[in-house]
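The sequence and the structure come before the notes.

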Amino acid sequence: MRVTQVVRFDAGLYYGGGEIQADLTRKALVEKGVEARFFSPTDRDLGDIVHFFGNFDYFEEIAVHCRSRGVPYVVSPIFATPRSASRLRWRATRTRALGGFRKDAYRMLRGASKLFTLSERESELLTSYFGSDLPPMIRVPNGVESRFHRASPAWPGPGDAPRGPFVLMVGGIQKGKNQLAAIDACGSDFSLVVAGAEIDTKYASLCRARATERVQFLGPVNHHGDLEGLLAMAHVFVLPSQHELFPLSALEAAAAGCHLVISNTWGAQDLFGDIATYVDPNDVRAIRTSLDRALSL
C-alpha cells in the first residue's frame with residue numbers, strides 16, 4: 001500500500017505539533033512496511049490512499065483530484081478554535097447567510113472516508129461548525145514517545161542553565177500561545193526558559209522587551225534530540241495558551257516529570273485530569289500563584 005500525506009505548504013518553516021504528528025505517523029507506517037511519503041506539488045500520482053493533516057481550504061483542490069479518480073482519503077482536521085460549540089453554531093449560521101462559510105473545507109471533510117479527531121471536544125467543535133453530516137469520526141489521541149519517560153536532564157544551550165528549579169514554556173512564540181503572560185507571571189522572582197521559534201516577530205519583540213534577566217530565550221529546540229533532556233531538567237511546565245486542541249508539548253512535559261500549569265479555556269481538564277493545575281490565561285496573578293505553588297513541590 002502507498003500512502004500520501006498532505007501537510008500545510010509551509011510545514012517545514014513552522015514545525016509544530018501537527019507537523020510532528022504527521023512525521024511520526026509516516027515513520028510508524030514505514031516501520032510496518034507501508035510505503036508512506038509526503039505530498040509534493042510536482043507529484044503526478046497520489047498512491048492508494050491520502051491522509052490530510054489539517055482542514056485548510058486549499059487542500060480541497062487535492063481532495064477534488066482524489067474524488068474524481070476514486071482515491072480514498074482520510075483527514076486529521078486538527079480543528080482548534082477559541083470559540084465554544086454554541087458560538088461556532090451561531091457563527092456557522094451567520095456565515096452561511098452572509099457569506100464567508102468555509103465551503104472548500106466543508107467539501108473536503110464531507111468527502112473523506114473517515115475523520116481522525118484528537119479529542120471529543122474536537123469532534124464536537126467540528127459538528128458545531130460544519131454540521132452533523134460529516135463522515136464517521138474516530139478518536140486518535142496524541143501519544144508520547146517513550147524517550148520522554150526515560151529522559152536524563154540535559155541542557156541544550158545556548159548559555160548556561162538556570163540555577164535551581166525553573167519554569168519552562170515550549171511553543172512557537174505568538175500571541176495565541178501567550179508567552180507574555182508567563183513572562184509577566186514569573187517577573188524577576190522565577191527563572192523562566194522560553195523555547196520556540198519566533199512565529200510572530202512583533203509579538204516576540206514585545207516578549208523580549210518585557211522579560212527580566214531571569215528569562216532565557218532558547219529559540220527552536222530540536223524535538224528529535226534535545227527537547228526531552230530540557231523537559232527532564234525543568235521543574236514546572238507552563239502553557240497559558242488562549243486556545244489549544246491536544247498539545248503534544250504538555251503531554252511530553254508530563255511524561256518527563258514536570259508539574260503542569262496550563263490554561264482552563266480549551267478543555268484541558270478532560271485531557272489531563274488531576275495531574276495539572278488550571279489557570280485563566282488572562283489572570284497573571286493566578287498564573288504566578290500556581291507557578292509559585294508548583295515550584296515548591
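Strand β3, residues 49-53, is mostly covered, with 4 of its 5 residues buried. The model is predicted.

**Partners of β3**

- β3 pairs with strand β1 (residues 2-6) in the parallel sense, over 4 bridges.
- Within that topic, Val3 has Ile49 in β3 as its bridge partner.
- β3 is also joined to strand β4 (residues 73-76) by 4 bridges, and these two strands run parallel.
- Here Phe53 has Ser76 in β4 as its bridge partner.

**Crossover**

- Helix α2 (residues 60-69) belongs to a β-α-β unit together with β3 and β4.
- The unit made by β3, α2 and β4 is right-handed.

**The sheet**

- The sheet is open and has 6 strands, with parallel pairing.
- The strand order is β2-β1-β3-β4-β5-β6.
- β2 (35-38) and β6 (137-139) each have a single partner strand, so one side of each lacks a neighbour in the sheet.
- From one strand to the next, the twist averages 25 degrees.

**Helices on the sheet**

- Helix α1 (residues 17-31) packs on the sheet and touches β1, β2 and β3.
- The direction of α1 makes about 155 degrees with that of β2.
- Helix α4 (residues 103-110) also packs on the sheet, where it touches β3, β4 and β5 (114-117).
- The direction of α4 makes about 125 degrees with that of β4.

How values were computed: Residues numbered from 1 in each chain as written. Predicted model: local features only at pLDDT ≥ 70, side-chain atom pairs only at ≥ 80, totals over all residues. Heavy atoms only, no water. Buried < 20%, exposed > 50% of the residue type's maximum accessible area, 1.4 Å probe, protein only. Pairing = 2+ DSSP bridges. Right-handed = clockwise from strand over helix to strand, strands pointing away. Axes fitted to C-alpha atoms, helices over the stretch in contact; angles between N-to-C directions. Contact = heavy atoms within 4.5 Å.
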